[in-house]
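Welcome! Let us take a walk through this structure together, one step at a time.

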Amino acid sequence: MMRNLFLGLLLACFTLPALAVEPAEMLKDPALEARARELSKEIRCLVCQNQSIDDSNAGLAKDLRVLLRERLVAGDRDAEIKEFLVERYGDFVLLKPPVKASTYVLWYGPLGVGVLGAIGVAVFLLRRRGGDAESVTPAPLSDEEERRIAALLDEQDRKA
Amino acid sequence: MSRLLYLLPLLIFAVIAGYFTIPILTKKDPRLLPSVLIDKPAPGHDLPALLQDKPGLGPEDLKGEVKLVNFFASWCGPCRAEHPILMRLAAEGAVPLVGINYKDRPEAAIGWLRELGDPFGRIGTDSDGRAAIDWGVYGVPETYLVDAAGHIRYRHVGPLTGQALNDTLLPMVEQLRAGKG
């Protein structure tokens with residue numbers, strides 16, 4: 001029983017994730033194929049839209065994988081292949097959006113929110129420190145206030 | 001001033017809520033992508049003819065007049081759904097139609113056109129889908145409005161509807177024709 005369980009677990013260690021890339025698509029040159037895999041992880045499948053073409057089984061994803069490999073074999077640089085796809089499908093085809101004027105909010109927005117938050121916390125802490133200093137030495141009561149307190153205390157005594 | 005500061009989170013919430021609500025209210029499908037090829041020359045491919053008695057599509061055939069270029073395939077369900085609209089357009093002679101048969105078996109495509117009717121003036125075959133990639137097609141059916149200079153002016157993703165035709169495509173056709181004449 002234990003032995004079977006152990007064997008089962010051992011075999012499970014050797015399983016690989018299912019791949020969308022079909023053996024026939026792969027390039028003979030392992031270095032080039034590795035580059036193709038890395039590059040296709042950055043290209044969005046336009047059909048499924050939340051998968052890379054490396055993960056997707058869609059027909060278009062396969063066509064794009066094959067196209068990408070053809071261009072790699074032809075000697076294109078990674079940037080050239082990305083540019084080729086962006087010219088046809090727009091920036092959306094890249095899973096990592098490029099840094100440019102229209103995406104500044106996307107890239108630097110979180111940083112901006114963080115800075116604003118830090119300023120807010122700093123202001124809050126500084127104010128609280130100021131507030132503590134005041135409460136340690138409260139303003140002395142005015143003569144009028146002293147008289148009112150005395151009157152209220154007298155009233156209390158008389159009732160008791 | 002500091003009182004107004006308390007309204008800031010509410011304001012931020014309103015902006016974010018608006019950002020996500022407006023597309024829902026205007027029924028904008030976020031999966032539909034704008035074409036980056038708008039106002040750019042349509043890709044010139046030499047696409048062989050599907051039918052013997054109807055020409056294919058050469059690089060120069062997209063120039064000269066305003067036309068709709070429709071990517072279709074016999075295996076594509078939504079293409080079947082939009083076909084009556086294409087037939088109606090052809091019958092009315094509203095605008096010339098050019099078909100590009102996308103990754104299809106020729107026999108299947110010919111049979112499909114025999115069954116449902118052939119609205120196209122020309123049909124090119126894109127058997128490996130390479131021309132479609134150059135057009136930025138990501139799912140058939142897709143329909144492109146190409147002007148007389150051969151530039152892409154509009155793209156409709158998915159099956160054509162009467163509403164899309166009447167509200168957008170046909171008025172644009174008129175506009176382009178008027179601009180030219």
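Two strands count as paired if DSSP finds at least two bridges between them. Keep that in mind as you look at this model, which is a predicted one. In chain B, the bridge partner of Leu68(B) is Leu97(B), a residue of strand β2(B). Asn70(B) likewise has an opposite number in β2(B), namely Gly99(B). Altogether, five bridges join β1(B), residues 67–72, to β2(B), and the two strands run parallel.

Now turn to another neighbour of β2(B). Strand β3(B), residues 122–126, pairs with β2(B) over five bridges, again in the parallel sense. Here Gly99(B) faces Ile123(B) of β3(B).

Let us step back to the whole sheet. Strands of a sheet pair through backbone hydrogen bonds, either parallel or antiparallel. In chain B, five strands form an open sheet in the order β3-β2-β1-β4-β5, with mixed pairing. The edges are taken by β3 and β5 (152–157) of chain B; each has a single partner strand, so one side of each is left without a neighbour in the sheet. From one strand to the next, the twist averages 20°.

Another right-handed β-α-β unit consists of β2(B), helix α4(B) (residues 106–116) and β3(B). Helix α3(B) lies across β1, β2 and β4 (142–146) of chain B, and its direction is at about 155° to β1(B).

Is β2(B) buried or exposed? Six of the six residues of this strand, 97–102, are buried, so β2(B) is largely enclosed by the rest of the structure. Both of its faces are covered: on one side Leu97(B), Gly99(B) and Asn101(B) are buried, and on the other Val98(B), Ile100(B) and Tyr102(B) are too.

Finally, come over to chain A, where a pair of helices is worth a look. The axes of α2(A), residues 30–40, and α3(A), residues 59–73, come within 10 Å and cross at roughly 135°. That angle makes α2(A) oblique to α3(A). The crossing of these two helices is right-handed. Among the residues of α2(A) that meet α3(A) are Leu32(A), Ala36(A) and Leu39(A). On the α3(A) side, the residues in contact include Leu68(A), Leu72(A) and Val73(A).

Note on methods: Residues numbered from 1 in each chain as written. Chains lettered and ligands numbered in written order. Predicted model: local features only at pLDDT ≥ 70, side-chain atom pairs only at ≥ 80, totals over all residues. Heavy atoms only, no water. Buried < 20%, exposed > 50% of the residue type's maximum accessible area, 1.4 Å probe, protein only. Helix = DSSP H or I, 4+ residues; strand = E, 2+ residues; numbered from the N terminus. Right-handed = clockwise from strand over helix to strand, strands pointing away. Axes fitted to C-alpha atoms, helices over the stretch in contact; angles between N-to-C directions. Parallel < 35°, antiparallel > 145°, perpendicular 65-115°, else oblique. Left-handed = near helix turned anticlockwise from the far one by under 90°. Contact = heavy atoms within 4.5 Å.
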